[in-house]
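Hi,

Here is the structure I promised to pass on. Have a look at it first, and my notes on what turned up follow below.

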Amino acid sequence: MPRLTGTIENGSGAFVQLRDGEGDFVGEVRADDEGRFTLYPIAGEWTVICLTPNNRREQHVDMGNEDVDIRVSA
Amino acid sequence: MAEFANPGILVGTEWMAAHLDDRDVRIIEVDEDVMAYEKGHIRNSLAWNWFDDLHAKPRRDYVGQAEMSRLLQAAGVDERTTVILYGGNNNWFATYAYWLLRYLGFDNVKLLNGGRKRWELDGRELTTDVPKFGPTTLTITNPVRAELRAMREQVLDSLDKVCFVDVRSPEEYRGEMMAPAHLPQESAMVPGHIPGARNVPWSRAANEDGTFKSYDELRDLYGTAGVSGEGPVIAYCRIGERSAHTWLVLHELLGIANVANYDGSWTEYGSLVGVPVEW
């Protein structure tokens with residue numbers, strides 16, 4: 001199972017939502033104190049939504065069979 | 001815009017903030033992430049561990065009325081107390097605790113709409129202080145509401161007769177995944193879904209901030225999927241927690257009378273020998 005890891009700039013404790021290609025919420029994790037998170041999506045198109053007070057960021061991710069690491073900028 | 005069938009089961013963050021010191025309110029966090037409470041929680045809230053506190057051991061089952069009564073007693077809940085549940089991940093596990101309390105006959109319970117996420121996104125206070133409340137003598141006296149829970153034999157007898165709602169993700173419904181994408185992929189023996197089940201992922205009932213969608217939006221969501229509520233409905237997922245969220249939406253918010261949660265869900269059904277399965 002490939003891993004999707006990421007680091008959110010200024011994203012300490014952010015709510016990190018994984019949504020599938022149809023926009024459906026699949027899961028949510030919390031970023032750690034450094035804004036890092038890990039998810040386990042299968043191959044396909046996904047959207048990562050990062051929520052902090054007064055801030056919402058969204059990033060599309062194409063997952064294959066390899067691990068992917070993303071950076072979500074402020 | 002129409003109102004929820006039972007709007008009183010929800011409280012907002014503003015109401016919650018104004019009742020943190022209300023002696024007749026007991027705030028309890030039930031979270032998928034059992035470490036979340038220790039890192040910071042709503043002031044004057046207690047935590048129930050979704051597994052250690054609410055599951056019977058060693059069998060696969062929930063605590064009964066006596067154990068739940070003892071849990072409420074230890075939380076300082078008496079006949080005047082209203083329990084307010086909240087948790088993370090769109091109140092996923094908090095709604096399961098809500099369903100369990102109602103199943104066991106305890107009705108003085110409400111849900112913080114949006115749960116931990118809405119509270120934190122509002123920038124509201126968290127604390128690591130753990131409050132203490134004196135034990136009470138509360139005993140649940142209402143009968144267990146068996147009609148809120150579907151067991152294996154009922155499910156097998158209901159194939160082709162009731163409206164099954166599979167509330168897992170489309171990927172799990174189609175048999176491409178065995179569990180949500182943020183969890184380890186252990187589950188049932190085979191992938192798939194109960195034949196004829198409608199797939200309405202539980203999370204479609206929630207806004208991005210974890211609050212529930214409006215009555216009209218929810219009615220359209222389930223109505224379009226063929227969940228009219230004119231006949232019995234059985235909701236299921238993987239282990240019965242996400243389907244408790246859908247049970248609350250259908251039964252409490254939309255007012256559909258005959259809705260049961262099949263908590264055995266896919267980990268049970270998908271491991272049964274000889275039962276029909278669709279992909």
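Let me begin with chain B, where 5 strands form an open sheet in the order β1-β5-β4-β2-β3 with parallel pairing. Its edge strands, each pairing on one side only, are β1 (10-11) and β3 (45-47) of chain B. Here, two strands pair if DSSP finds at least two bridges between them, and the element names follow DSSP runs numbered from the N terminus: helices are H or I of at least four residues, strands E of at least two.

A word on conventions before going further. This is a predicted model, in which local features need pLDDT of at least 70 and side-chain atom pairs count only at pLDDT 80 or more, while totals for chains, interfaces and linings use all residues. Residues are numbered from 1 along each chain as its sequence is written, and chains are lettered from A and ligands numbered from 1 in the order in which they are written.

Back in that sheet, β4 (residues 82-86) and β5 (residues 109-112) of chain B are joined in the parallel sense by 3 bridges. B:Ile84 has B:Lys110 of β5(B) as its bridge partner. Across β4 and β5 of chain B lies helix α4 (residues 92-103) of chain B, at about 170° to β5(B). For such angles, axes are lines fitted to C-alpha atoms (for helices over the stretch in contact), and values run from 0 to 180 degrees between N-to-C directions.

Chain B splits into domain 1 (7-144) and domain 2 (147-269), with bounds that come from an automatic or database domain assignment. Their C-alpha centres are 23 Å apart. In the contact between them, 17 residues of domain 1 of chain B meet 16 residues of domain 2 of chain B; contact means that C-beta atoms, placed from the backbone, lie within 7 Å. On the domain 1 side, α4(B) gives the most, with 8 residues. That side consists of 8 nonpolar, 6 polar and 3 charged residues. The classes are Ala, Val, Leu, Ile, Met, Phe, Trp, Tyr, Cys and Pro as nonpolar, Asp, Glu, Lys and Arg as charged, and the others, Gly among them, as polar.

In helix α3 (residues 65-74) of chain B, the buried residues are B:Met68, B:Ser69 and B:Leu72. Buried means that 20 or more other C-beta atoms, placed from the backbone, lie within 10 Å of the residue's own. Down the axis of α3(B) these residues fall within an arc of 105°, so they line one face of the helix; the arc is that of the directions from the helix axis to the C-beta atoms. Just after α3(B), B:Gly76 has a positive phi of about 75°.

Strand β9 (residues 259-262) of chain B is covered on both faces, with B:Val259 and B:Asn261 buried on one side and B:Ala260 and B:Tyr262 on the other. Strand β8 (residues 233-236) of chain B runs parallel to β9(B), joined by 4 bridges, and B:Ile234 is partnered with B:Ala260.

Chain A has an open sheet too, with 3 strands in the order β4-β1-β7 and mixed pairing. Its β1 (residues 4-8) runs antiparallel to β4(A) over 4 bridges, with A:Thr7 opposite A:Arg36.

Finally, where do the chains meet? The contact takes 17 residues from chain B and 18 residues from chain A. On the chain B side, α5 (115-121) and α7 (170-173) are the elements that give two or more residues.

Happy browsing!

Key: Contact = placed C-beta atoms within 7 Å. Buried ≥ 20, exposed ≤ 12 C-beta atoms within 10 Å, placed from the backbone.
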